[in-house]
Amino acid sequence: MTQLPRSIDEAIALLAQENYICGRALATVVFLSLKLGRPMFLEGEAGTGKTEIAKAIAASLGRRLIRLQCYEGLDASSAVYEWNFPAQMVAIRTAEATGTTDREALQAELFSDDYLTARPLLEAMQPQEGGPPVLLIDELDRTDAPFEAFLMEALSDFQVTIPELGTIKAAEPPIVILTSNRTREVHDALKRRCLYHWVDYPDFDREMAILHARAPEAQEALSREIVGFVQRLRKEDLFKSPGVAETIDWAKCLLALDVIAMSPEVIADTLGAILKYQDDIQKIQGSEAKRILEEVREELADA
């Protein structure tokens with residue numbers, strides 16, 4: 001198990017080992033969260049690296065990553081546990097066939113750990129090899145207010161209650177990371193229990209560093225044009241601007257096609273790697289892509 005970082009610089013270096021390049025502000029939140037044992041709440045546009053930082057922290061510290069993917073209608077029991085009903089039914093039929101009549105003993109057996117399936121929140125409360133796990137509660141904004149209220153209580157004491165078994169408390173609190181794409185506002189009461197950071201799109205130099213880390217085989221000139229083009233797209237009036245994840249995907253697509261230099265034709269053929277809505281693709285195709293590429297090359301030449 002890797003030791004927790006003792007400074008902000010160590011946090012930056014630790015994440016860089018997993019090819020996660022972040023700014024000092026985000027590294028400060030990571031360092032303080034690990035040092036103080038406070039959950040971190042990361043908000044920002046999709047594709048800016050919120051989920052990836054949880055993976056990087058888990059990998060760099062040698063901890064298990066437990067992910068709770070949020071969705072509309074997620075309730076407390078689905079996030080904590082479920083009973084293995086098929087196995088319980090087999091046990092009941094077996095008891096009937098063998099003539100077992102001790103109902104209390106049978107009930108105690110049916111509602112024991114043997115028939116319990118742990119879901120992410122319960123798993124995160126249980127001891128893990130290598131130390132407390134990293135609990136990623138991803139896209140919290142997809143859930144509703146009742147689940148937020150439950151989560152606030154669970155994270156305040158790091159414990160969950162199973163009616164048939166009682167309260168289970170974490171011996172050591174997990175490292176908790178909550179993310180939101182801000183499709184709706186998350187309640188202030190939950191945010192106050194966390195260290196907050198808005199994960200923004202990186203500037204040109206940092207996005208270049210990210211691309212070098214994730215697609216090192218890309219040539220310098222091509223990488224600069226890729227990053228410059230994506231950064232310009234984010235200034236356009238699009239339904240969904242491309243994130244850093246799309247920058248990396250686009251670079252890998254161009255490398256797979258053995259592209260050495262950008263052209264309007266190459267851009268038109270591969271726009272689906274960075275833009276995910278047909279209206280956006282139609283808006284950028286053709287003369288618009290050519291205009292943006294020419295402006296990017298002029299800026300790069302002047303830099």
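Two residues count as in contact here when heavy atoms lie within 4.5 Å. With that in hand, here's a quick tour of two spots in this predicted model: the meeting of helices α10 and α11, and strand β1 with its partners β8 and β9.

**Helices α10 and α11**

- Helix α10 covers residues 204–214 and helix α11 covers residues 220–233; their axes come within 10 Å and cross at roughly 130 degrees.
- Angles over 145 degrees count as roughly antiparallel and 65 to 115 as roughly perpendicular, and α10 and α11 are therefore oblique to each other.
- As for handedness, the crossing of α10 past α11 is right-handed.
- On the α10 side, the residues making contact are F204, E207, M208, L211 and H212.
- Over on α11, they meet E220, S223, R224, I226, V227, G228, V230 and Q231.
- Sorted by class, this α10–α11 contact is made up of six nonpolar, four polar and three charged residues.

**Strand β1: which way the side chains go**

- In β1 (residues 40–43), M40 and L42 point one way, while F41 and E43 point the other way.
- Whichever way they point, all of these β1 residues are buried, E43 included.

**Strand β1: its partners**

- β1 runs parallel to β8 (residues 175–180), and four bridges join the two strands.
- If you want a landmark for that pairing, look at E43, whose bridge partner in β8 is S180.
- β1 also runs parallel to β9 (residues 195–198), again with four bridges joining them.
- Here the landmark is L42, which has H197 as its bridge partner in β9.

How values were computed:
Residues numbered from 1 in each chain as written. Predicted model: local features only at pLDDT ≥ 70, side-chain atom pairs only at ≥ 80, totals over all residues. Heavy atoms only, no water. Axes fitted to C-alpha atoms, helices over the stretch in contact; angles between N-to-C directions. Parallel < 35°, antiparallel > 145°, perpendicular 65-115°, else oblique. Left-handed = near helix turned anticlockwise from the far one by under 90°. Nonpolar A, V, L, I, M, F, W, Y, C, P; charged D, E, K, R; others polar. Buried < 20%, exposed > 50% of the residue type's maximum accessible area, 1.4 Å probe, protein only. Pairing = 2+ DSSP bridges.
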